[in-house]
Amino acid sequence: MKKSFFLDFGFSLGPTFDEISILTQRPQNMSKRTLNVGLIGYNFMGKTHSNAWRQAPRFFDLPVDIALHTICGRSAASVEVARQKLGWQFASTNWKDVVSNPEIDIIDIATPNDSHCEIAIEAAKHGKAILCEKPLAVNVAQCEKMVAAVKKAKVPNMVCHNYRRIPAIALAKRMIERGDLGDRIYHYRARYAQDWIADPMFPLVWRLQSKIAGSGTHGDIDAHIIDLGRYLVGEIKDVTALMETFIKERPLLEESGSGLSAKASQKTGKVTVDDAVSWIGRFKNGAIANLEATRFAHGRKNHITIEINGSKGSLAFDFEDMNRLKFYNAADPSDANGFKDILVTEENHPYAGAWWPPGHILGYEHTFVNTFADFITAVAAGKSVHPTFEDGMNTEKVLSAVSASARSREWVRVS
Ligand SMILES: NC(=O)c1ccc[n+]([C@@H]2O[C@H](COP(=O)([O-])OP(=O)(O)OC[C@H]3O[C@@H](n4cnc5c(N)ncnc54)[C@H](O)[C@@H]3O)[C@@H](O)[C@H]2O)c1
């Protein structure tokens, strides 16, 4: 008999180390095909994506298995550290080698925005399924090329707007489609607020450079609430907007770094993106959009709030309380109405059934796992899943119209 995990009292107190490792290893289902993933970028999103690729087949009953094949970055030493920490089989410093590797089935793009287009087009040419971080690219023209490439190659594609797969958001979608808010939506009001660059001494990271990021707060976080508006309410027709860059000059990075936390040097450089954006617009179905995105709201870290008002009721969501959805039903008796507080963890709530018993809440990382589970299922069937590259392009068209309106100070039609 092998030694027990804790102490050898002559009887077993639990499984041995070997037994534990057998228990924690994912049982290989020999009848399932395995799809190999190549991940480009290993920092913030690289981490969330690595976790999601690993967890999705463990919690969801998927038709295929997933192998974390190759992780890619620019520095050999750093990518090797990431490979070991995040659990990938191979490391590479050349994304072209990864997208052309015949062993790889899925390319996952988690690099800064200016590289998405080139990597995706090359991956499509090699017949890979593609998951790409948002914003899809830095402008509409790049998005159009990417959409054309995936259509030509007929490869499954998706943009990683992970907030769509928050169970409360997916439930909101279900309730709106069921008519719980009535047959007319009047308002979509959304705010995405952060504060990580409110300090004027925070350095000029890539997110503050239009050449790399495309836009600032707009493409980074406004894109998410635009995507949610398009998902929950419909397509946007026209917009009028205001954008501001509060801090126009910032210290350069002490050393080339990329993340949300970085060190400043003595020299300064020009900020070439927006810091905040506020806009209103009209949906094609007549609803009014009212959106605000800022990285200058002290105290707001990753604050996403949404309210939707329809002819029969309202929904309200707050990401800092992401397991809950508030619902007001105008048909409730007037002396007993008010917002109902739905804890979205029941087995029949979207995605929740794959996780824990009711009341055992989910967090940020689960939004990615839920997203990747849907993408893997779609890839196994040779299909795309929403939000597709075409969705990403349509969101980019709204971003572009909002920017044009802020420049011209006129209403702009989303084309
Ligand atoms: N879905 C979300 O909620 C969400 C959140 C944050 C970021 N993002 C998006 O994810 C993407 C990455 O953002 P991040 O915060 O992880 O950035 P980051 O700066 O933290 O990491 C970027 C990574 O890309 C790698 N990289 C850059 N150029 C490369 C190249 N040419 N070849 C190989 N690797 C390269 C870097 O080494 C680094 O590992 C961006 O498009 C961003 O908009 C999405």
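Which of the 25 residues around the ligand come nearest? Select N43, M45, N113, K134 and R207, which come nearest among the 25; a residue counts as near a molecule if one of its heavy atoms lies within 4 Å of it.

Before going on, note that this is a predicted model, in which local features need pLDDT of at least 70, side-chain atom pairs count only at pLDDT 80 or more, and totals for chains, interfaces and linings use all residues. Residues are numbered from 1 along each chain as its sequence is written, and side-chain values use heavy atoms, with hydrogens and water left out.

**The ligand**

Stay on R207: a polar atom of its side chain lies 2.8 Å from an oxygen atom of the ligand. A polar contact here is a pair of N or O atoms within 3.5 Å.

On its own the ligand has 840 Å² of accessible area, and the protein covers 93% of that; such areas come from the Shrake-Rupley method with a 1.4 Å probe.

Next colour helix 2 (44-59) and helix 9 (217-232), each of which supplies at least two residues of the shell around the ligand. Helices (H or I, at least four residues) and strands (E, at least two) are DSSP runs, numbered from the N terminus. The shell has eleven nonpolar, nine polar and five charged residues. In these classes Ala, Val, Leu, Ile, Met, Phe, Trp, Tyr, Cys and Pro are nonpolar, Asp, Glu, Lys and Arg are charged, and the others, Gly among them, are polar.

**Helix 6 and its partners**

Select helix 5 (residues 116-125) and helix 6 (residues 140-153). Their axes come within 9 Å and cross at roughly 10°; axes are lines fitted to C-alpha atoms over the stretch in contact, and angles run from 0 to 180 degrees between N-to-C directions. Helix 5 and helix 6 are therefore roughly parallel, the word for angles under 35 degrees, while those over 145 count as roughly antiparallel. Residues in the contact (heavy atoms within 4.5 Å) include H116 and A120 of helix 5 and M146 and A149 of helix 6.

Now show helix 11 (residues 389-408). The axes of helix 6 and helix 11 come within 9 Å and cross at roughly 170°, which makes helix 6 roughly antiparallel to helix 11. The residues of this contact divide into seven nonpolar, two polar and five charged.

Go to the loop between strand 5 (129-132) and helix 6, where P135 is placed. The peptide bond from K134 to P135 is cis, with omega near -15°.

Another cis peptide bond joins H386 and P387, with omega about -5°. P387 is in the loop between helix 10 (364-380) and helix 11.

End at K154, in the loop between helix 6 and strand 6 (157-159). K154 is not a glycine, yet has a positive phi of about 55°.

How values were computed
A polar contact is a pair of N or O atoms within 3.5 Å; within protein, one must be able to donate a hydrogen and the other to accept it, and residues adjacent in sequence count only if both atoms are side-chain atoms. Angles under 35 degrees count as roughly parallel, over 145 as roughly antiparallel, 65 to 115 as roughly perpendicular and the rest as oblique.
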